[in-house]
Amino acid sequence: MNHWLIMPIVLPAVLGPLLIMLGCIDHVLARILSLAGCVALIAISVGLLQQADSGPQTYALSAWVAPFGILLVLDRLSAVMLVLTAVLATVVLLYAMAGWDRRGRHFHALYQFQLMGINGAFLTGDFFNLFVFFEILLIASYGLMVHGGGADRLRAGVQYVIVNLVGSTLFLIAVGLIYSVTGTLNMADLALKVPQVSSDDLALLQVGALLLLLVFGVKAALVPVHFWLPDTYAQAPAPTAALFAILTKVGAYCILRLYVLAFGAQAGASAWLAQEWLLPAAMVSLTLGLVGVLAAKRLGQLASFSVIGSMGTVLTAIALFTPTATAAALYYMLHSTLAAAALFLLTDLVRERRGHHSDALTVAPVFAHRSLLAAAFFVAAIAMAGLPPLSGFLGKLLILQSAWPTPYAFDVYLAVLATALLGIIGFVRAGSTLFWKSTAQQGRIEAEGVSHSVLPWVAVGLLLSGIVALTVGAGGVHDYLSQTAQQLYQPQLYINAVLFPQGGQ
Amino acid sequence: MEALVASAVGVLTAAGIYLLLRGRTFPVVLGLALLSYATNIFLFAIGRLKINQAPILSDTALGYTDPLPQALVLTAIVISFAMTAVIVVMSLRSYLESGSDHVDGAQQNKEEA
């Protein structure tokens with residue numbers, strides 16, 4: 001058995017408790033250990049990415065055989081998500097080390113637990129285990145969300161916790177419904193059981209499956225359950241908001257995994273169950289997100305609504321449920337995670353330097369590092385709005401191309417192209433108000449407590465160069481993601497690896 | 001017994017949702033607790049309702065009940081218990097920091113205006 005498979009969960013799980021103790025003694029050592037953990041995670045997940053080429057692999061915990069034991073399953077999709085998580089976590093941690101991690105207690109320990117939950121959710125092959133990893137990542141995210149304290153942040157934090165607790169309750173009810181009909185919690189086993197469900201029980205099964213869509217929709221900020229996101233992300237500490245860029249992708253990953261594997265082409269009466277709900281909801285999310293970008297009064301709000309918009313784009317492509325559209329969705333997902341994280345970090349840098357003007361989109365005098373921030377914002381905004389030459393444009397192009405042969409081509413083209421205009425206007429307005437018009441004002445804002453550390457600039461630079469790398473290497477990345485989607489749309493590979501490891505069927 | 005369990009789940013859920021929609025944090029926390037009780041009973045019932053049946057293999061057992069839902073309920077109880085503790089602490093901190101126990105901070109805004 002290949003023990004590397006469980007390392008992305010075990011490593012942060014061991015580091016977390018160590019960092020709780022170490023954080024009280026020596027914060028420099030804690031920072032180094034936390035960063036070393038994240039760098040090691042990159043190495044491990046890149047190694048797993050290479051192993052995933054030979055088909056889905058499994059890791060049976062305590063060597064219990066599926067479907068009775070709990071399994072971890074690694075395929076190309078989970079490996080890609082692991083690499084994305086590790087890279088984002090390392091870069092954001094660099095940013096946090098400039099000072100955010102000292103504004104409250106136990107930042108690094110919570111950070112590691114958060115990574116443990118995210119990695120677990122990407123690796124698990126079992127529903128109830130997925131629920132447990134969701135809870136782990138949520139509990140850690142509650143702590144990170146209110147890191148640093150403050151009345152507004154705590155108020156937003158309480159709302160965030162309440163919404164997610166209701167989501168967890170729905171998750172349990174959905175899992176219960178599915179189990180009561182199929183008698184299994186293993187995803188691969190479920191894929192075999194779903195077509196055999198008798199017509200009497202079909203309604204129960206579908207209600208359960210669609211409740212799960214709602215739960216994953218809460219995570220992925222799908223309209224109408226997106227309302228928690230803008231306030232949470234805008235109030236969260238900058239490194240947390242940037243790391244949360246991957247949390248919405250956990251929802252998208254789960255939707256992709258479940259509704260292709262168990263409710264896909266082979267599901268009989270429940271085939272492509274999610275499509276008719278997901279597609280309209282995703283297109284409304286896309287529209288609402290970019291209308292929000294246009295209407296935002298603060299840069300933090302603008303970044304949050306652009307996350308809703310980009311999730312709408314990703315989910316629209318996922319909802320087409322074809323391998324080419326899924327490959328496009330995955331490419332856009334990689335891009336939008338990096339772009340969203342960069343926007344949140346830039347928002348914080350601007351907020352720090354504008355004194356009492358904070359990140360409000362109002363005209364204020366010139367502030368420190370204005371030109372450098374303007375240039376970085378320009379690049380991030382081009383990426384997020386989907387203008388050429390960066391990866392956002394390529395991602396949207398791929399999505400449009402993949403939508404052409406489907407019956408939904410007209411709707412998708414209309415939604416993606418019309419909202420692109422809204423996004424561009426929104427970002428142009430924000431950029432010119434914040435950076436350009438400030439030169440016409442008298443005086444200069446000298447904000448106090450601006451960090452002189454170089455780390456925030458390194459972090460933002462790395463994220464932006466990640467976007468550039470994704471653009472330059474688009475051919476290779478897209479080829480790999482096409483293979484990933486191909487693997488995903490052959491559920492038999494996954495099912496055989498989990499249930500019939502010795503061959504058979 | 002089916003009617004009793006089903007109506008218990010229904011009443012708990014209804015009361016939970018009503019409390020969840022209230023404006024202050026205390027009823028909301030109670031609502032979340034009621035919802036999690038409803039979920040626990042529901043989870044317990046997904047293995048079908050059986051009385052006096054063994055959950056684990058034995059030579060003398062005449063029939064069996066599904067042990068898995070019972071294990072799931074245990075996990076769910078532990079997690080929901082911990083979550084209730086977290087939300088209580090966060091609501092208290094939020095109340096102490098802002099002076100308002102409204103979930104959306106409505107009262108506080110009214111005072112400022």
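1. A:Arg353 and A:Glu352 form a salt bridge, with their closest N and O atoms 3.2 Å apart. A salt bridge here is a side-chain nitrogen of Lys or Arg within 4 Å of a carboxyl oxygen of Asp or Glu. A:Arg353 is buried, at 2% relative accessible area. Buried means under 20% relative accessible area, exposed over 50%, and partly exposed in between (1.4 Å probe, protein chains only).

2. On the basis of the note: this is a predicted model, where local features need pLDDT of at least 70, side-chain atom pairs count only at pLDDT 80 or more, and totals for chains, interfaces and linings use all residues. Residues are numbered from 1 along each chain as its sequence is written, chains are lettered from A and ligands numbered from 1 in the order in which they are written, and side-chain values use heavy atoms, without hydrogens and water.

3. A second bridge joins A:Asp348 to A:Arg351 (4.0 Å, N to O). The two sit three residues apart in helix α14 of chain A, so about one helical turn separates them. A:Asp348 is buried at 4% relative accessibility. A:Arg351 is partly exposed at 23%. Bridges with shared partners link A:Arg298, A:Asp348, A:Arg351 and A:Asp359 into one network.

4. The whole structure holds 14 salt bridges over all chains. One of them pairs A:Asp53 with A:Arg76 (3.2 Å, N to O). This pair ties distant parts of the chain: A:Asp53 is in the loop between α2 (27–51) and β1 (57–60), and A:Arg76 is in helix α3 (residues 76–96), 23 residues apart. A:Asp53 is partly exposed at 41%, whereas A:Arg76 is buried at 12%.

5. Look at A:Lys396 in helix α16 of chain A. This lysine is buried yet has no salt bridge. The nearest side chain of opposite charge, A:Asp411, is 17 Å away. (Lys and Arg count as positive, Asp and Glu as negative; His and the chain ends are not counted.) Beyond its neighbours within four places in sequence, A:Lys396 is in contact (heavy atoms within 4.5 Å) with A:Thr313, A:Tyr332, A:Ala385, A:Val416 and A:Ala420.

6. Other buried residues of α16(A) include A:Gly395, A:Leu398 and A:Ile399. Their cover includes α13 (299–319), α14 (323–353) and α17 (409–436) of chain A.

7. Overall, chain A has 20 helices and two strands. These are DSSP runs numbered from the N terminus: helices are H or I, at least four residues, and strands are E, at least two. Buried residues make up 63% of the 505 in chain A.
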